[in-house]
Amino acid sequence: MRYSSCYIPTLRESPSDAEVISHKLLLRAGMMRRLTSGIYIYLPLGLKILDKISAIVREEMNAAAFQELLMPMVQPADLWKETGRWEYYGQELLRFKDRNEREYCLGPTHEEVITDMVRGEVRSYRQLPIRLYQIQTKFRDEIRPRFGLMRGREFIMKDAYSFDADAAGAESSYKKMFKAYMRIFRRLGLKFRAVEADSGSIGGNFSHEFMVVADTGEDTIAFCHSCDYAANVERAEAVWRGETVQGDCLPCEKTGMPGARTVADVAALLNVPPAKIIKTLIFVVDNTPVAVLVRGDREANEIKLKNLLDAKVIHLAGPDIVKKVTNASCGFAGPVGLNLPIYADLELQGATDYITGANEADSHNTHVDLRRDVRVAAFADLRAITAEDICPRCGGKIAFTKGIEVGHVFMLGLKYSEAMHATFLDENGSERLMIMGCYGIGVSRIAAAAIEQNHDRYGIVFPPPLAPFECVLINLDQHNAVVTDTAEDIYSLLRSMGIDVLYDDRDERPGVKFKDADLLGAPMQLVLGNKGLARGVVECKDRRSGERCELVIENLRENFSLWARQVREHWEALYARQ
Ligand code: ATP
Ligand code: MG
């Protein structure tokens with residue numbers, strides 16, 4: 001393509017409202033523009049990147065024998081009411097009515113629509129498995145749309161669904177997708193990790209997230225230094241090492257501690273470690289308040305609580321509810337005498353003599369023994385894993401890294417087929433429920449994640465598989481007929497070699513052309529000017545390493561091929577290292 005006829009509106013300055021580097025660079029490189037909060041226009045270069053990502057995703061989906069279809073974005077409310085998600089999906093679901101007052105939503109995902117279609121078609125086990133995917137625009141009215149394409153409200157997703165007759169088939173669909181995802185993210189040239197993810201009330205190990213490793217990631221991954229265990233902290237098990245139970249402690253005693261509201265306040269006042277204090281948190285679980293106890297130096301994990309209670313909706317109680325159920329303001333809740341279901345973290349079954357709130361302003365209880373003074377409904381793993389914890393697989397040391405979730409594979413089991421009555425007749429003529437899986441990839445989020453991982457102070461450094469151009473050819477002396485003739489020849493030659501090249505034929509200063517080429521992030525740059533031409537050479541630069549060399553124009557086809565192979569091999573060596 002000729003730059004002079006392309007629409008690539010690059011910007012010199014970073015837009016002030018962009019917080020993360022990928023957002024800044026996508027705007028600066030003229031690849032996208034914001035329409036309104038969380039909703040973007042993909043400009044030609046941005047679209048080209050998305051097309052490259054989609055092409056790799058399509059190839060791997062097809063290779064795994066999933067077939068492409070395209071479902072509507074507008075979905076009738078009735079289907080969502082069947083699964084109960086009309087009620088539970090919350091405000092992320094954008095709802096509206098048509099002229100006849102019928103209710104609809106914009107699809108944030110497509111389990112309902114595809115299950116409805118499949119149940120209408122499938123009668124016999126002979127028709128299964130069914131494995132389908134689409135690449136389509138989704139809408140989620142995210143509470144905090146931010147970071148550009150990373151968390152948009154409108155975004156592009158590849159979503160795939162499998163319907164199997166039995167557990168073995170469903171597992172095989174899941175494994176196919178897992179393998180396809182590994183291939184996709186490797187081919188895209190991203191540094192990533194497949195991690196165990198929360199699979200909600202379905203349980204089991206049948207949910208993995210694919211995380212691009214980047215400091216700006218919103219997710220935290222816990223991983224083991226000794227084995228290949230890696231899990232989203234939402235899920236990672238905190239192992240109770242079974243410290244022995246101490247003997248009896250003194251009787252529980254209420255003590256006035258004016259103003260001591262936080263764990264830190266109480267610890268300082270009594271000169272005890274935070275581990276001797278119990279935090280009492282009030283959660284509202286499907287409209288019912290419950291209390292959760294964790295050690296003062298730990299954080300409660302809401303998702304573990306949700307799974308334990310098989311709940312649909314869960315949130316921390318606001319000050320009004322805390323006051324109502326504990327008779328005290330936030331900071332003074334405690335389990336002794338509390339008339340609520342109480343769930344305590346495993347770690348708290350190991351010792352006695354704790355300090356807790358006393359359900360009274362400015363007071364705390366000392367010498368609390370959970371087994372003696374409190375009716376605990378269950379002890380369970382309810383806290384977030386920490387660096388002090390050990391690997392739940394091998395006992396090794398745990399460390400943390402930040403990640404951007406770019407994909408999720410999920411064994412759904414019977415969740416939707418049961419709710420929507422998606423059945424088939426088996427070999428014996430008995431009616432059975434289909435076993436489903438769903439598998440998402442954030443196509444537009446990948447573009448942002450790739451930039452978070454690959455950039456420098458001059459701009460984007462695209463991994464070759466998703467760069468909008470493989471090579472930029474810069475003409476330094478646009479007004480010199482000999483230089484321009486040669487540049488045109490080189491441009492034709494590169495195109496005849498199948499290279500996706502952007503020819504910068506603009507009437508601009510060299511400095512502008514260099515800056516734009518660096519900003520756009522094509523892996524290779526060729527620079528032709530009067531001086532080089534006089535010596536019969538074109539200069540080339542590897543965008544990632546910044547290394548420069550000269551190629552003799554006379555044998556350019558061979559010389560360029562050799563150099564391009566080198567650049568590609570350097571990138572491949574980088575991918576191979578993960
Ligand atoms: P998150 O925890 O980041 O909100 P999710 O668990 O809601 O993600 P899924 O429902 O599994 O996401 O969607 C599949 C994929 O779609 C995700 O792995 C992610 O890459 C992408 N995705 C989800 N929400 C967004 C969004 N708001 N903007 C861009 N991509 C998104
Ligand atoms: Mg989400």
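Predicted model: local features only at pLDDT ≥ 70, side-chain atom pairs only at ≥ 80, totals over all residues.
How far does a polar side-chain atom of R140 lie from an oxygen atom of ligand 1?

1. As for the opening question, the separation between the polar side-chain atom of R140 and the oxygen atom of ligand 1 is 2.9 Å. R140 is also among the residues that come nearest to the ligand, together with E142, R151, G152 and E405, out of 14 around it.

2. The backbone takes part as well. A polar backbone atom of M150 sits 3.5 Å from a nitrogen atom of ligand 1. On the oxygen side, a polar backbone atom of G442 is 3.3 Å from an oxygen atom of the ligand. How much of ligand 1 does the protein bury? On its own the ligand exposes 590 Å², and the protein buries 82% of that.

3. Two of them, strand 8 (154-164) and strand 21 (398-413), each give two or more residues to the shell around ligand 1. Strand 21 gives the most, with four residues.

4. Next, please have a look at the second largest pocket, which holds about 340 Å³ of space. Its lining is made up of 21 residues, and T280, L281, C330, G331 and F332 are the closest to its centre.

5. Which elements give two or more residues to the lining of this second largest pocket? They are helix 7 (263-270), strand 14 (278-285) and strand 18 (354-357). Strand 14 supplies the largest share, five residues. By class, the lining of this pocket counts 13 nonpolar residues, six polar ones and two charged ones.

6. You will find D505 in the loop between strand 28 (501-504) and helix 14 (510-520). Is D505 buried or exposed? D505 counts as buried because its relative accessibility is 12%, and the cut-off for buried is under 20%. The side chain of D505 also has a partner: it makes a polar contact with the side chain of S4, at 2.7 Å.

How values were computed: Residues numbered from 1 in each chain as written. Chains lettered and ligands numbered in written order. Heavy atoms only, no water. Near = heavy atom within 4 Å. Polar contact = N/O pair within 3.5 Å; in protein donor to acceptor, adjacent residues only side chain to side chain. Areas by Shrake-Rupley, 256 points an atom, 1.4 Å probe, with all protein chains shown as cover. 1 Å grid on protein atoms, 1.4 Å probe; cavity = no way out; pocket = protein on both sides within 12 Å on 5 of 7 lines; lining within 4 Å. Points joined across faces, edges and corners; volume = space filled by probe spheres on them. Nonpolar A, V, L, I, M, F, W, Y, C, P; charged D, E, K, R; others polar. Buried < 20%, exposed > 50% of the residue type's maximum accessible area, 1.4 Å probe, protein only.
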